[in-house]
Amino acid sequence: MSTAQRQEFESVLSGWGRVPVVQGAELRSEDLARLTEDLPLTRGLGRAYGDAALPAPSDRLVAGTTLADRILSFDPETAVLTAEAGLSLDELCRVFLPRGFFTPVSPGTRFVTLGGMVACDVHGKNHHREGTLGSHVLSLTIRTGTGDVVRCSAKEHDDLFRATIGGMGLTGAILDVTLRLVRVPSTSILEECERVHDIDQSLDALKSASARWPMTAGWIDCLASGRHLGRGVVFRGRWAEPHEVPPSPRSQPRNLTVPFDIPGWVLTEPAVRVFNALIYWRYRARHPSAIVHPYTFLYPLDAVAHWTRLYGSRGFTQYQCVLPDSSGREAVARFLTVLTRRGGASFLTVIKDCGAEGIGLLSFPRPGISIAVDLPMRRHNTQSLVDALNEVVIAEGGRVYLAKDALTRPEHFRAMEPRLDAFLAVRRKWDPERRIRSAQSVRLFGW
Amino acid sequence: MVKRPANVVVLGATKGMGRALARRMAERGDRLFLLGRELDELRRSASDLQSRSTVHHDVGVAVCDLERLETFDAALDQAEAALGSLDVVVVTAGQFATQDRLEQDPELAHRLLTVNFANTVTFCERARRRLLARGGGTLCVFSSVAGERGRKRVVLYGAAKAGLSGYLEGLDHRYRAEGLVTVCVKPGFVTTSMTEGLPRPPFAGHPDAVAKRVLAAIDRGKSVVYAPPMWALVMFIIRLLPRFVMRRLDF
């Protein structure tokens, strides 16, 4: 056995939540087009929490895109950028933010690739205004399951285009991405924080903030129960105008790291309770309005390297769902009640009001309230907790975000997703031999 | 000392450490011309560097294949014509295969020895003549720590790199007084597509960190640079080991 084979045999891969762990390896090359000729899946920076970027049980190798990171063209007049799929958002920020350009939509971490952002059709704090990334993508180059390299856009092969946006890499390997960046007036963000005392206030504050501000999100303490249920902090922000920025603006947040796995017994419910209370009380002292570095506002967790080690070697799953406006704000309270009653102690529970649904066939956001919680892995009850949460989401007419998902059952996903058949039809058309697949697609769709 | 911004020709800028080095050069305003095997790849890299460059200039490209000697002069002619004059020539191109594979495939072994030694030296000779003709310049060539000591895992690859390092040292001694600065880069294990799939040793380096060190070495005219720096110490110890120890080590 050669060294490469031996390593491939022994090595394992997992997503950002560190569970599940599967046998497999990532093969990387600058020449993504050639690399993807005979590999069933591409993987970017591995920030999908669950099994979206893991090889299916019958596969071992996935194509790593991170070396395919060239900028192929950029026109400062139109702000249109074409780049290889492995270009990271971090690098995009580093190159283009000083020139006054930024990604139109940013997820909560900058350690993602362009290809991954398209495949998950990421949304951010500006979803209520700008929608998902997909609405800013002009065209894509894709190696489909038949091996053909196809360029697609809203005008050309629009079925493939719409299925690929939010399609979790299951329509083929995204090779190049063309999207329109946005111009920003400065390289700082004006941020305001408002403390809120219960779930009604949280949702009201989020709604009124979103009416006036381009970027909003809320953090809530999901362990505060009774009349405090849903207390937290609502953040709102916008790019600062040049005259508002002090001569020496705040620098990038300093990097901390979690050097080792925190033992499981540390992260018990009382510990999370204390942590959440501390954050809640901290914001009372904080200045209500500040000029901050965009990374501080947009990527607070990126400042802590290996933060997933907080959840110990057992890992965690993240659960994110959107509950539609039509089911009302009581739906949010009902969801949180089920979560807390079943002991889902979450460090960070983030809420965000979503705007219109995107063009992607499986795109996650829809008008309503998105809730994201971390669920540390416990021996038996994490699966049943996810099942219970999914049942609430189905009853309310909502859906879950595949980029975070590791445990949803196929029948639950189908019940949430009336668009699934349309998506699978496009997948079948462009990949009749079913060569493109992931651990997640096999779990949820059977192939 | 290299004048800035410099006119730089890079053979091997489409991948790995060459790509990282060319990006750093583009981002500080150096003017670049790329040589390599595949025109399409060269054009994609040229676009990348142009987009990152702080000055507006077209990054030119020409096909130059270390397996085909006849491509060398034509490519360098094109580079000189495009840039006006050459200040720095960087060579990062080369081949790699594991010792096992080279032993199984003698043709591949012959090709690797030819490309990594004879042809690379031939290319350097052409570049040297051009640099000296304009009064000097910098020739920066990527050799390897594999050339420091005969080792079990890199018998053939290491031998070619040892030859290349020897040539570069000689060049430095002979021509530095005439203005030709030779920078011999000796990377240890760096995580690039060349080493993809190999077991990762401790102190594995990142291409961009290597590029940063190499750029500093080019600017200062340092004749030998190890990257990551830890490999200078590692190789110092390896060089001291007696042969009976090396025979026992699986390194």
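Which residues is Val177(A) in contact with, leaving aside its neighbours within four places in sequence? They are Ala83(A), Ala85(A), Leu114(A), Gly115(A), Val118(A), Val137(A) and Leu140(A), where contact means that the C-beta atoms of two residues, placed from the backbone, lie within 7 Å.

Before going on, some ground rules. This is a predicted model, in which local features need pLDDT of at least 70 and side-chain atom pairs count only at pLDDT 80 or more, while totals for chains, interfaces and linings use all residues. Residues are numbered from 1 along each chain as its sequence is written, and chains are lettered from A and ligands numbered from 1 in the order in which they are written.

How far can you trust chain A? Its pLDDT (the predictor's confidence in each residue, from 0 to 100) averages 90, and 95% of the residues score at least 70. Over residues 1-9 of chain A, though, the pLDDT is below 50, and this stretch has 13 contacts in the model beyond near neighbours in sequence. Where pLDDT is low, the predicted coordinates should not be read in detail.

Back to Val177(A): along with Val118(A), Ile174(A) and Val332(A), it touches the most other members of the largest nonpolar core, which has 113 residues. Such a core is a set of buried Ala, Val, Leu, Ile, Met, Phe, Trp, Tyr and Cys residues joined through C-beta atoms within 7 Å. Buried means that 20 or more other C-beta atoms lie within 10 Å of a residue's own, exposed means 12 or fewer, and partly exposed is in between, with C-beta atoms placed from the backbone. A second, separate core of 70 residues includes Tyr157(B), Leu171(B), Leu180(B) and Val214(B).

Tyr157(B) and Leu171(B) are also among the buried residues of α6(B). Helices (H or I, at least four residues) and strands (E, at least two) are DSSP runs, numbered from the N terminus. What covers the buried residues of this helix includes α4, α5, β5 and β6 of chain B.

Now look at where the chains meet: 15 residues of chain B are in contact with 15 residues of chain A. Helix α2 (residues 39-52) gives the most to chain B's side, with six residues.

His157(A) has a positive phi of about 45° although it is not a glycine, and His306(A) has a positive phi near 55°. His157(A) counts as buried, because it has 20 C-beta neighbours inside 10 Å, whereas His306(A), with 12, counts as exposed.
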